[in-house]
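Visitor: I have a few quick questions about this model. Can we go through them one at a time?

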There are 12 protein chains.
Amino acid sequence: MAIVKVIELVGSSPNSFEEAVKNAVETAAKTVRNIKGVDIVGFTGKVKNGNIIEFRANVKLAFEVETVE
Amino acid sequence: MAIVKVIELVGSSPNSFEEAVKNAVETAAKTVRNIKGVDIVGFTGKVKNGNIIEFRANVKLAFEVETVE
Amino acid sequence: MAIVKVIELVGSSPNSFEEAVKNAVETAAKTVRNIKGVDIVGFTGKVKNGNIIEFRANVKLAFEVETVE
Amino acid sequence: MAIVKVIELVGSSPNSFEEAVKNAVETAAKTVRNIKGVDIVGFTGKVKNGNIIEFRANVKLAFEVETVE
Amino acid sequence: MAIVKVIELVGSSPNSFEEAVKNAVETAAKTVRNIKGVDIVGFTGKVKNGNIIEFRANVKLAFEVETVE
Amino acid sequence: MAIVKVIELVGSSPNSFEEAVKNAVETAAKTVRNIKGVDIVGFTGKVKNGNIIEFRANVKLAFEVETVE
Amino acid sequence: MAIVKVIELVGSSPNSFEEAVKNAVETAAKTVRNIKGVDIVGFTGKVKNGNIIEFRANVKLAFEVETVE
Amino acid sequence: MAIVKVIELVGSSPNSFEEAVKNAVETAAKTVRNIKGVDIVGFTGKVKNGNIIEFRANVKLAFEVETVE
Amino acid sequence: MAIVKVIELVGSSPNSFEEAVKNAVETAAKTVRNIKGVDIVGFTGKVKNGNIIEFRANVKLAFEVETVE
Amino acid sequence: MAIVKVIELVGSSPNSFEEAVKNAVETAAKTVRNIKGVDIVGFTGKVKNGNIIEFRANVKLAFEVETVE
Amino acid sequence: MAIVKVIELVGSSPNSFEEAVKNAVETAAKTVRNIKGVDIVGFTGKVKNGNIIEFRANVKLAFEVETVE
Amino acid sequence: MAIVKVIELVGSSPNSFEEAVKNAVETAAKTVRNIKGVDIVGFTGKVKNGNIIEFRANVKLAFEVETVE
């Protein structure tokens with residue numbers, strides 16, 4: 001019986017929080033199959049000279065697995 | 001005396017988290033009058049083939065009511 | 001020895017949550033030097049006639065200080 | 001079989017937090033029957049010229065219902 | 001566009017926590033259409049003479065609505 | 001060496017939340033010596049006919065003890 | 001005036017989470033009178049050879065006392 | 001562009017929790033202009049001889065600033 | 001030196017929350033050795049036609065590892 | 001059947017947070033038998049002249065009991 | 001009337017979490033008078049080559065002020 | 001594009017909480033490359049005969065990965 005595994009990632013983007021979320025999902029999807037959902041845990045940013053130079057999104061990804069590793 | 005009622009909704013959008021919030025507010029505003037504020041409870045997303053196909057926003061809406069139903 | 005101080009601000013924007021975050025960071029950066037990071041505490045919005053007329057972001061800013069005031 | 005429904009309200013008062021709670025309960029009781037309990041979620045206040053001009057109480061009300069609407 | 005509404009109920013049962021959850025869902029389903037999910041917020045119990053005489057489950061129900069009431 | 005013990009009580013009052021806190025402290029003080037502090041965990045109320053007939057305060061009391069029981 | 005005391009226990013059972021809750025209530029009721037309610041704080045389990053060999057329930061029990069000990 | 005700053009204070013009073021909140025707001029208002037809101041974070045009390053001799057309120061104050069210090 | 005790794009899974013069952021927990025533990029145990037404990041993070045359910053058709057349990061599993069992967 | 005009781009203590013030390021935890025455990029162990037575990041709830045400190053003069057640890061102790069008092 | 005202000009700092013140390021806390025308190029005490037207490041919000045660390053090269057402590061400091069700035 | 005993965009471990013030590021954190025980081029670093037940060041989730045301890053015989057630290061480790069497994 002397949003179950004769902006949940007992992008936590010931090011995606012980042014130089015442009016926006018939403019792109020940071022998308023980058024996390026898309027990078028994971030290259031090697032993780034069957035991703036079903038994403039849950040946003042929090043947003044942070046790295047600031048330099050008064051500008052956010054890196055947008056970060058802590059996300060949890062849920063995906064179906066046949067065997068738990 | 002009027003008081004404020006708070007309800008929880010989940011708005012969605014195929015495009016962005018922000019549009020999901022706006023959809024929740026605008027759909028509610030068609031039938032609920034006097035919405036004063038929105039509070040974001042959380043963001044989630046439905047993923048398919050490595051892409052977020054549905055952006056979701058759990059929101060709380062506050063609106064003035066004359067009578068509580 | 002320099003340490004890091006954390007302050008809480010509420011940025012706002014008529015356009016988007018992300019712009020509200022940026023406004024908080026940029027306004028603070030005019031007078032606060034060495035801002036290193038921003039942490040999003042929450043998003044809220046002011047609603048009028050069924051539209052979000054003010055996007056708000058509660059943020060925590062971390063910056064290095066030589067002396068704590 | 002009757003079950004209990006829980007709704008969230010924000011009561012307010014120009015005088016005190018406790019009156020804000022009471023106003024929420026009493027206003028709701030005009031139209032909602034069988035309220036059994038109230039749970040205080042939080043207190044906030046609106047300030048003007050250094051005085052709290054509006055005391056607010058976020059409350060959850062529990063009441064028995066025959067049918068859920 | 002349909003959105004999702006979330007309501008909080010307290011189901012009860014003389015027999016078990018799980019039956020308390022089911023009672024909440026089934027009682028709501030008599031009048032609320034399109035319930036999609038249930039989220040358990042907490043379990044409590046009423047005790048008498050050293051036995052749990054009423055099992056209670058605080059649950060959140062999510063259901064699709066065409067218009068928000 | 002004396003240490004501090006923390007216990008949780010629920011005080012009640014027919015009149016106000018503050019009196020509910022005081023009742024918890026004063027009732028405990030009849031048998032518990034050296035109470036140093038009280039921390040309010042939450043406020044709830046029992047409602048009947050649209051009025052709060054019992055104000056309740058969940059409190060934590062801290063007191064110095066020579067021996068832990 | 002009687003007040004309510006709240007204590008935390010961890011009940012256990014080789015069979016189920018619900019039995020773990022019941023064991024906590026029933027064991028406490030042998031020596032503690034006037035238990036009125038139980039609140040589930042969390043469920044954990046001890047695992048051996050891929051099976052849950054001990055179901056555990058962290059619970060808070062509320063009971064009326066004449067004197068606080 | 002003006003933004004909102006949030007600071008945390010602990011107000012106290014020999015008489016009541018509400019007066020502790022008011023004292024925090026009024027003392028701050030002597031030197032801080034444009035306070036718009038107060039959010040109660042928690043209530044604690046100092047106890048001596050079985051009586052609360054100091055009521056304390058942890059509050060967050062929000063006020064508009066032109067420049068962040 | 002062996003340490004403990006904690007992973008999050010979502011087990012499911014057509015019958016009960018407890019079976020959902022057991023399924024998560026047993027499915028994981030097929031490939032993960034030395035599982036020592038399970039911690040229930042939350043229960044949710046999928047509802048159709050007024051019945052819970054899928055019981056889900058978010059769990060954290062702790063197991064001893066020689067090497068962290 | 002023996003169950004586990006959980007109590008909350010605040011240990012203190014003039015030297016370190018870890019010693020504060022140990023003091024809580026060791027002082028309790030003089031009169032409480034069968035302590036199995038300790039869970040750190042939080043660390044605070046009393047400060048004087050710019051130095052921490054008292055390190056404090058809020059801890060929860062779990063111990064097996066035959067009868068609940 | 002004096003009230004208490006609470007500020008958040010992040011202290012750091014190359015050696016230990018406790019020293020990180022002390023550094024935050026001692027650095028603040030050079031310019032902030034009347035610090036009464038410290039509350040640990042969290043511990044984090046910066047890791048390089050498998051070693052913690054910077055121990056960090058998020059702390060809240062409480063100090064008495066005559067005027068709020 | 002590299003992203004950050006976050007995993008949860010429980011380190012332990014017979015001597016101190018800090019050593020438990022270090023053990024978690026160092027054991028992980030033997031097989032996990034590019035660990036950047038550690039976040040302390042909580043401290044617990046195993047007690048025997050009134051002494052903490054095992055200090056435990058629940059930690060989250062963040063490390064850069066090229067591919068998510």
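**Chain contacts and ring pairs**

Guide: Between chain A and chain C the count is 0 salt bridges. A salt bridge here is a side-chain nitrogen of Lys or Arg within 4 Å of a carboxyl oxygen of Asp or Glu. This is a predicted model: local features need pLDDT of at least 70, side-chain atom pairs count only at pLDDT 80 or more, and totals for chains, interfaces and linings use all residues. Residues are numbered from 1 along each chain as its sequence is written, chains are lettered from A and ligands numbered from 1 in the order in which they are written, and side-chain values use heavy atoms, with hydrogens and water left out.

Visitor: How many residue pairs are in polar contact between chain A and chain C?

Guide: There are 4, with both residues at pLDDT 80 or more. A polar contact is a pair of N or O atoms within 3.5 Å; within protein, one must be able to donate a hydrogen and the other to accept it, and residues adjacent in sequence count only if both atoms are side-chain atoms.

Visitor: Which elements of chain A touch chain C?

Guide: Helix 1, strand 2 and strand 3 of chain A each give two or more residues to that side. Strand 2 of chain A has the largest share, 6 residues. Helices (H or I, at least four residues) and strands (E, at least two) are DSSP runs, numbered from the N terminus.

Visitor: How much area do chain A and chain C bury?

Guide: About 970 Å² between them, with 63% of it on carbon and sulfur atoms. Buried area is the accessible area (1.4 Å probe) that two parts lose on being put together, summed over both. The contact takes 14 residues from chain A and 13 residues from chain C. Contact means heavy atoms within 4.5 Å.

Visitor: What rotation superposes chain A on chain C?

Guide: A rotation of 120°, with 0.0 Å of shift along its axis and an RMSD of 0.0 Å. That is the relation of a three-fold axis. The copies use different surfaces: 14% of the contact residues of chain A recur in chain C. The superposition is by least squares on the C-alpha atoms of residues with pLDDT of at least 70 in both.

Visitor: Now chain B. Which three residues of chain A supply 41% of the area it buries there?

Guide: Start with the total: chain A and chain B bury about 970 Å², and carbon and sulfur atoms give 63% of that. Glu18(A), Val38(A) and Ile40(A) supply the 41% of chain A's area, more than any other three residues. Across this interface the rule finds 0 salt bridges. Strand 2 of chain A gives the most to the side that touches chain B, with 7 residues.

Visitor: Switching to rings. How many aromatic pairs over all chains?

Guide: The count is 36. Rings of Phe, Tyr and Trp (its six-membered ring) pair if their centres lie within 6.5 Å; planes under 30 degrees apart count as stacked, over 60 as edge-to-face and the rest as tilted. Phe17(A) and Phe55(A) have ring centres 5.0 Å apart and planes at 90°, so that pair is edge-to-face.

Visitor: Where do Phe17(A) and Phe55(A) lie?

Guide: Phe17(A) is in helix 1 (residues 17-29) of chain A and Phe55(A) in strand 3 (residues 51-65) of chain A, so the pair ties together parts 38 residues apart in sequence.

Visitor: Is Phe17(A) buried or exposed?

Guide: Phe17(A) is buried, at 3% relative accessibility. Phe55(A) is buried too, at 2%. Buried means under 20% relative accessible area, exposed over 50%, partly exposed in between (1.4 Å probe, protein chains only).
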